[in-house]
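Please examine the sequence and the model shown below.

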Amino acid sequence: MHTEPPILADLRSDTVTRPTPAMREAMHRAPVGDDVFGEDPTVNALEERVAAMLGKERALFVPSGTMANLLATLSQTRPGESVILHEDSHPFRYESGNLAMVAGVLARTAGGPLGILAPDAVKAAIHQTDDPHISNTTLIALENTTNRGGGAVYPLDTVAAMGRLARERGIRTHCDGARLFNALVASRHTAADYAGHVDSVSFCFSKGLGAPVGSILASDSGTMARAYRYRKMLGGGMRQAGVLAAAAMHALDHHIDRLAEDHARLQRFRAAVEGTPGVSFPMPSPTNILYVDVPDAEATLAALKARGVLGLSLGGNRIRLVFHLDVDDAAADAAAHAFKEAAAAG
Ligand SMILES: *Cc1c(COP(=O)(O)O)cnc(C)c1O
């Protein structure tokens, strides 16, 4: 009988991390209450802590990054208006068309290298007119780090320039910081440095930070009052959510600095694989997301899987590998060894 090999490294995504024993212990100990009544002390503490970290008036714990982005749009736009975002951004590519269906807004895409919006492209995409034919721009959304840009980090200057442009034009700004802490660890900026230039910010606890569930959105209290109502409307009002907030809190205490280890392991993997015939790296990958080009992504992934290593195909010749909490030095080295063999086999 054919048996699957044991999994040495699951590099499909940083969402596959499982809560550590210490995180489970923190979840076990968490005081809880009904958060829809505002009575969960752990959720309240988390929201206050994150608002302070980001220099925003209020934060809201939500089930997913998708909901955080959607609430940011719902609470800062009206149906019929338009949002500018990168053509490779997560909300445009991977959020099931919710901007159109739920928020009722038009997505105007703009470009720029490595998923980073080019300020000139944003400027050109802005529409503000009394002409009733045209959908006016009321929100610009950026992503830091960029998912499809290989975990690229927004230069702080670019965020500042975008914020300035938007304010001059009376347009709101949102930062989808699903992997904001990867950006901070790589750039040595603080969360407030980035957040100060945009009106709303979200990030995920469920990715590199290693919590099982949860994201958070922060902004001024007027925007958050609307987001709070929309969260309930969408079914995101959770009850004893403190067990999840405790995991998030634990992640903030223990899993931020260690993101540097994930970045170092990615570079170590890359250095080990570099030079393998037929294999190339299309992007710099300064954080935890590595794209690798091979002649046939599916064939290489199948050969990798047979060696206990999982990755994700982007179709054609591109593979995505993500380094995270559950991949230690030994696993990264084993994955590199397997990758070289798989590239030769596939
Ligand atoms: C994962 C991700 C999201 C969505 O988060 P979910 O919790 O999976 O809904 C949003 N933006 C970016 C950049 C992401 O990588």
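Which residues lie nearest the centre of the largest pocket? They are Gly65, Thr66, Ala178, Cys204 and Lys207, which belong to a lining of 22 residues. The model is a predicted one, in which local features need pLDDT of at least 70 and side-chain atom pairs count only at pLDDT 80 or more, while totals for chains, interfaces and linings use all residues. Residues are numbered from 1 along each chain as its sequence is written, and side-chain values use heavy atoms, with hydrogens and water left out.

Pockets and cavities are both found on a 1 Å grid over the protein atoms alone. A pocket is an open set of points with protein on both sides within 12 Å along at least five of seven lines, whereas a cavity is a set where a 1.4 Å probe fits but cannot get out; lining residues have an atom within 4 Å of a point. Grid points are joined across faces, edges and corners, and a volume is the space filled by probe spheres set on the points.

The largest pocket holds about 200 Å³ of space. Helix H3 (65-76) and strand E7 (200-204) are the elements that give two or more residues to its lining; helices (H or I, at least four residues) and strands (E, at least two) are DSSP runs numbered from the N terminus. The lining of the largest pocket comprises 5 nonpolar, 12 polar and 5 charged residues. In this classification Ala, Val, Leu, Ile, Met, Phe, Trp, Tyr, Cys and Pro are nonpolar, Asp, Glu, Lys and Arg are charged, and the others, Gly among them, are polar.

The second largest pocket contains about 150 Å³. Among its lining residues are Ser13, His90, Asn147, Arg148, Arg179, Lys207 and Arg320. By class, this lining has 4 nonpolar, 4 polar and 4 charged residues.

The largest cavity has a volume of about 50 Å³. H3, strand E3 (82-86) and helix H5 (98-103) each give two or more residues to the lining of the largest cavity, and the largest share, 3 residues, comes from H3. The residues around the largest cavity include Asn69, Leu70, Val83, Leu85, Glu95 and His174, and the lining as a whole has 6 nonpolar, 4 polar and 1 charged.

The backbone has several features to inspect. The peptide bond from Asn144 to Thr145 is cis, with omega near 0°, and Thr145 lies in the loop between strand E5 (137-143) and helix H7 (156-169). Ala152 is found in the loop between E5 and H7 as well, and counts as buried at 4% relative accessibility; buried means under 20% relative accessible area, exposed over 50%, and partly exposed in between (1.4 Å probe, protein chains only). The C-alpha atoms of Ala152 and Leu114 are separated by 6.3 Å, although the two are 38 residues apart along the chain. Leu114 is not a glycine, yet has a positive phi of about 55°. Arg188, in the loop between H8 and helix H9 (191-195), likewise has a positive phi, near 65°, and is exposed at 75%.

By the rule that a side-chain nitrogen of Lys or Arg lies within 4 Å of a carboxyl oxygen of Asp or Glu, the count comes to 17 salt bridges. One of them joins Arg172 and Asp199 at 3.8 Å, N to O. Arg172 lies in strand E6 (residues 172-176) and Asp199 in the loop between H9 and E7, so the pair ties together parts that are 27 residues apart in sequence. Asp262 and Arg258 form another salt bridge, at 2.6 Å; Asp262 is buried at 0%, and Arg258 is buried at 11%. Salt bridges with shared partners also join Asp88, Arg93 and Arg148 into one network.
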